[in-house]
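Take a look at the sequence and structure first, then read on.

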Amino acid sequence: MPRSAVAIVLPRAEFVAVQEHLNEAGYEAIAVENADELEQLLVGRTDVNVAILDGETDFDRTLEMYAILHEDGRNIPALMLMPPRALGRMGLGGNSDVKDEYFSRPYSAESLRWRIEAMLIRVESVPADSIPEGGLVGRMNASGGLERPEGSEGADAGAIPVVASADLEHAAGVSDQGEKRGKIVIVFNPKGGVGKTTISINLGAALQIRKGQRVLLVDCDTITGHIASSLGLQRPRTLAKAWREDATNGAYESIAQIATVHSSGISVLVMAESPLHTEILDPRRVADAIIAARDSYDWVILDMHPDYGPLNQALFEQADRILVPVTPDVPCIRAAVQFREVAVELDIRDRLTIVINRANSGVAASDVERVVAIPAVARVRSAGMLFVRAADEGKSAVERFPTAKVVGDIDNLADRLLSGTGSNARPGFSSRNRIAGSFRGLFDRLTTQVS
Ligand SMILES: Nc1ncnc2c1ncn2[C@@H]1O[C@H](COP(=O)(O)OP(=O)(O)O)[C@@H](O)[C@H]1O
Ligand SMILES: [Mg+2]
């Protein structure tokens, strides 16, 4: 499906900043000045699937535009700027198919990109009549206060709850044909700098070195990926290069043949040397090749670029588990909540577990888990410069600092994956209808607490 366009009513400078991020995500940003312009636009085009409105600067004008979004059989969701004090008073509790979202100044243009992308995934992938009762967007209760997601009560105790263990056959990855198949573990959070790469590398090393597993580690990030440099691999053969060569020679190579073996024993696959000239990396073909690699490895760990594009969607669909590293700070928690919402749309929510990274700092781990409303499978403590020092030597921390406490945390995570712990969310977390959440109210509270 061609990507959507976004109508934007924001002051010029803000428009330009937001436009840049939306273009990067492949969406067209269209500046709109007034209600007439908006109406003309929507009459002329059917690919405008979301609008950003500025209810702070001119509320009456915004109401008029909001009405236009819903006229003539249209039902276009709005992401609306509101004064912070109004946010807490928006009583949306009674409206069952509300798809609008709200934000307030100051905001970062990049954060709008993620929210728009998440909203568009809903619009693009969910037929309007399949919206479950309770809506797709988290809601506040009428007083703007807290409305806990059902099933979150158990998370209160402070400790990470013990989650239901998976049935063992599934955990062992036995395919329909009876042969053993590796598991695909995705490490994802739409926010950068939260520990995706660090956890991918060290989890891979722990499984390979300490648990005797065969591990393939894939750097799916062609733009900012740095697995190869962190592991001291100088210019490893890339998937793009191998496929270009194969196309010339008429050869076929499996991923196991293309990947580079690191001194730790893990196989490492890098997509491309630079973000340019990656045309050969057709998302479907890449996803199929990675999925096929399950036959050669026990664990396929994917360090993903933070986006919701076609490659990531194809991989999400096939993942056995999705680990979401969350650092205990509000921007990261917000990003995780947003991903949880997208995961509901993609019907992969049951595969999500969070790994609380830098767990001994910031917001309490139990609060992180409760607000994100995804069970935690492990905590990884903050380890100062240890990961950086290991990377300087081209090693994982598991190899370089085997007795460090943080490596013990990673070891623990590896054990939990091996035992299948947490691979099914607790009952009460799994149903779409129970998600009707409340995160905005919780965030308001959390933001007040930490700021
Ligand atoms: N638990 C931790 N303790 C100390 N430093 C960490 C920890 N987790 C991540 N880091 C550091 O934070 C930075 C960002 O981590 P990274 O794994 O690259 O994040 P992402 O892949 O999500 O962008 C890196 O410098 C990494 O070494
Ligand atoms: Mg990374």
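## Around the ligand

Which residues are closest to ligand 1? They are Gly-195, Lys-196, Thr-197, Thr-198 and Phe-387, out of 15 residues that surround ligand 1. Keep in mind that this is a predicted model.

Two elements each give two or more residues to the shell around ligand 1: helix H7 (196-210) and helix H15 (386-392). H7 gives the most, with 3 residues. Sorted by class, the shell has 8 polar, 5 nonpolar and 2 charged residues.

## The overall picture

Zooming out, the protein has 18 helices and 13 strands. Of its 451 residues, 45% are buried. If you take the contacts with a separation of 6 or more, 75% of them join residues 24 or more positions apart.

## The nonpolar core

In soluble globular proteins, nonpolar side chains tend to be buried together. Here, the largest nonpolar core has 117 residues. Val-6, Ile-186, Leu-302, Val-324 and Val-355 have the most contacts inside this core. Helix H13 (residues 330-345) gives the most to the core, with 9 residues. And where does the core sit relative to domain 1 (5-130) and domain 2 (154-435)? Both domains give residues to the core, so it lies between them.

Not counting residues up to four places away in sequence, Val-355 touches Ile-199, Leu-323, Val-324, Pro-325, Ala-376, Val-377, Ala-378, Val-380 and Leu-413. One of those partners, Val-324, is also on the list of residues with the most contacts inside the core.

## Helix H13

H13 has 16 residues, and 13 of them are buried, so the helix is mostly covered. From its first C-alpha to its last, H13 reaches 23 Å, close to the 22 Å expected at 1.5 Å a residue. After H13 comes Asp-347, which has a positive phi, near 60°.

## Ala-414 and its neighbours

Ala-414 is found in helix H17 (residues 405-419). Is Ala-414 buried or exposed? Ala-414 counts as buried, because it has 24 C-beta neighbours inside 10 Å and the cut-off for buried is 20 or more.

Who does Ala-414 touch? Leaving aside neighbours within four places in sequence, Ala-414 is in contact with Leu-203, Ala-206, Leu-207, Arg-210 and Lys-211. The C-alpha atoms of Ala-414 and Asn-202 are separated by 9.5 Å, although the two residues are 212 residues apart along the chain.

Definitions and conventions
Residues are numbered from 1 along each chain as its sequence is written. Chains are lettered from A and ligands numbered from 1 in the order in which they are written. This is a predicted model: local features need pLDDT of at least 70, side-chain atom pairs count only at pLDDT 80 or more; totals for chains, interfaces and linings use all residues. A nonpolar core is a set of buried Ala, Val, Leu, Ile, Met, Phe, Trp, Tyr and Cys residues joined through C-beta atoms within 7 Å. A residue is buried if 20 or more other C-beta atoms lie within 10 Å of its own, exposed if 12 or fewer, and partly exposed in between; C-beta atoms are placed from the backbone. Helices (H or I, at least four residues) and strands (E, at least two) are DSSP runs, numbered from the N terminus. Domain bounds come from an automatic or database domain assignment. Two residues are in contact if their C-beta atoms, placed from the backbone, lie within 7 Å. A residue is near a molecule or strand if its C-beta atom, placed from the backbone, lies within 6 Å of it. Ala, Val, Leu, Ile, Met, Phe, Trp, Tyr, Cys and Pro count as nonpolar, Asp, Glu, Lys and Arg as charged, and the others, Gly among them, as polar. The expected span of a helix is 1.5 Å times one less than its number of residues.
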